[in-house]
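Please keep the sequence and the 3D view at hand.

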Amino acid sequence: MNSDQSLQPQAVTIYKAPQKGKGQKLLKEGFQPADFPHNPPYLDGNCYFAGPSDRSIAEEYNQSYQEGILEVSIKQATYNQDFKSLEYRYDEKDGNERFEVVVPQRLFPILNQCPRVLKSR
């Protein structure tokens, strides 16, 4: 292992504030296209996450939804290959750029293989 690899975390965590009534369902059943239809509130059918290592966006949405924060841990190599290119700048807060990860339905099977936990705080 070279020194660059030893500095990288083994997993990347992304964060989702599930809508009212969806927290336990997403935790137990994973991400299903039927839960993200191409009509309001998911006009594009995608699943939106707060980016790696910054749950602040999910925390803001959770103030409304009150379902907790779903944390999904993705292996670093998998994240880099399948999800890194889906990062988009969300906004800036306290001088730091914040990113969201917009996951299309075609990647739900990969996402569903990753460990997830629902945290109330």
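Helices (H or I, at least four residues) and strands (E, at least two) are DSSP runs, numbered from the N terminus. Asn46 sits in the loop between α2 (23-29) and β2. This is a predicted model, in which local features need pLDDT of at least 70 and side-chain atom pairs count only at pLDDT 80 or more, while totals for chains, interfaces and linings use all residues. Residues are numbered from 1 along each chain as its sequence is written, and side-chain values use heavy atoms, with hydrogens and water left out.

Buried here means under 20% relative accessible area, exposed means over 50%, and partly exposed is in between (1.4 Å probe, protein chains only). With 15% relative accessibility, Asn46 counts as buried. Contact means heavy atoms within 4.5 Å. Setting aside neighbours within four places in sequence, Asn46 is in contact with Phe36, Val102, Val103, Pro104 and Gln105.

Now to the interior. A nonpolar core is a set of buried Ala, Val, Leu, Ile, Met, Phe, Trp, Tyr and Cys residues joined through side-chain atoms within 4.5 Å. The largest one has 20 residues, and Phe31, Phe49 and Leu111 have the most contacts inside it. Two or more residues each come from β1 (11-16), β2 (47-50), β3 (69-75), α4 (76-83), β5 (96-103) and α5 (108-111). Of these elements, β3 gives the largest share, three residues. Not counting residues up to four places away in sequence, Phe31 touches Leu26, Phe36, Cys47, Phe49, Leu70, Val72, Phe108, Leu111, Asn112 and Arg116. Another core, of six residues, lies apart from this one and includes Tyr15, Ala17, Ile57 and Ala58.

What about the charges? Side chains of opposite charge can pair when their charged atoms come close. A salt bridge is a side-chain nitrogen of Lys or Arg within 4 Å of a carboxyl oxygen of Asp or Glu. By this rule the count comes to twelve salt bridges, including these:

| Salt bridge | Closest N and O atoms |
|---|---|
| Lys25 and Asp35 | 3.1 Å |
| Arg55 and Glu59 | 3.0 Å |
| Glu87 and Lys84 | 3.5 Å |

Salt bridges that share partners join Lys22, Lys25, Glu29 and Asp35 into one network. Lys25 lies in helix α2 and Asp35 in the loop between α2 and β2, so their pair ties together parts that are ten residues apart in sequence. Lys25 is partly exposed at 29% relative accessible area, whereas Asp35 is buried at 6%. Likewise, Arg55 counts as buried at 17% relative accessibility, while Glu59 is partly exposed at 39%.
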